[in-house]
Amino acid sequence: MKPMEKFQAVLDWHLKHHRALSYGLVTLLTAGGERIFSAVVFQCPCTAAWNMTYGLVFLLVPALVLFFLGYVLSARTWRLLTGCCRRVRCAHWRCSSGLRRVRVCVELTMAAAIAPLTWVAVALLGGSFYECAASGSRDMAWHLCGGQDEDCHAQLPLVPCGKAKAAKVQDFLLELRAQSQVTGWLLIAAVIVGLLICTCVSRCLSPVSFLQLKFWKIYLEEEQKILKSQATEHATELATENVKCFFEHSRPRQLNIPSIKDWQQISSLYTFNPNGQYYSLLHKYVNRKEEHDSIRSSEGDAMIPVLGFVDSPGITNTPQL
């Protein structure tokens, strides 16, 4: 096999499995980042005043940042938001359209929650953040030090640093670590079960068969390749014509470029309609009955979770925006 053929085979494999690879890469980077934070940056202050705040900040704030990044890096987010304020003022805004957008927001939230949940789960398995936060909690102090002298309450915040004078108090570190790790495994189990249930339900409710879904994904990959190629060709032609006219002081010839309305039509969120088998908004747009017909919403349109991949292929990926 020639080098270019090998490269094309790797590229095709990446395009075919890009979603699974993306989730896997995000999970690995998140887990690796948490381990680095825990080993290099995190230093529990071991004081009653700061332990809980410090531990919770390291446990939850990075998770919150990753959650918002999940929104930012999703192509569907920008499909939903771009031009949204204008559509709200428009007379075409309807309740059904609003409900579809709410449903998409829920799907986006579930996808964006993968990285933060990974962070929290790995952090709980490591135990450092939880040990620090729990040792500064009054409720945890009453639970662990119940029936013991007041010195136990005073020494508990020193446990994460190994500075507790009483050996019995220092042994509480093992209990705190066990609590953290058990919680971490329970969170991982809950996420996996939740993902399995959601995947099974979405596939069960799919309006198309397994093989048609495969065909659909192949069609979208090819459509996006051609769309990007044609967009590049037409953009180059338009730029060349404008620069040429600038230097020659001439009027540009008329080029066939889609209008603002045309771009808006194919940039909205995809809805499935059993009355018309369209594999993308572009497919639906070129097959509309009348030239001025809108394809945004019609009777019978529905958001199908298993078809969410239609809104986020190739040219629409966030890094290329």
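Because the model is predicted, local features are given only where pLDDT is at least 70 and side-chain atom pairs only at pLDDT 80 or more, whereas totals for chains, interfaces and linings use all residues. Residues are numbered from 1 along each chain as its sequence is written, and side-chain values use heavy atoms, with hydrogens and water left out.

**Helix H13**

Helices here are DSSP runs of H or I with at least four residues, strands are runs of E with at least two, and both are numbered from the N terminus. Helix H13 covers residues 210-248, and its 39 residues should span 57 Å at 1.5 Å a residue, which agrees with the 57 Å between its end C-alpha atoms; the expected span is 1.5 Å times one less than the number of residues. After H13 comes His 249, with a positive phi near 55 degrees.

**Aromatic pairs**

The structure holds 14 aromatic pairs. Rings of Phe, Tyr and Trp (its six-membered ring) pair if their centres lie within 6.5 Å, and planes under 30 degrees apart count as stacked, over 60 as edge-to-face and the rest as tilted.

Phe 67 and Tyr 71 are four residues apart in helix H3 (residues 51-72), which separates them by about one helical turn. Tyr 219 in helix H13 and Tyr 279 in the loop between helix H14 (260-267) and H15 are instead 60 residues apart, so that the pair links distant parts of the chain.Tyr 219 is partly exposed at 24% relative accessibility, while Tyr 279 is buried at 10%. Both belong to a cluster, linked by ring pairs, that also includes Phe 215, Trp 216, Tyr 270, Phe 272 and Phe 309. Lys 217 lies over the face of Phe 309, at 5.3 Å from the ring centre.

**Thr 77**

Thr 77 lies in helix H4 (residues 75-81) and is buried, with a relative accessible area of 7%. Leaving aside residues up to four places away in sequence, Thr 77 touches Tyr 71 and Leu 108.

Key: Buried means under 20% relative accessible area, exposed over 50%, partly exposed in between (1.4 Å probe, protein chains only). Contact means heavy atoms within 4.5 Å. A charge sits over a ring if NZ of Lys or CZ of Arg is within 6 Å of the ring centre and within 35 degrees of the ring normal.
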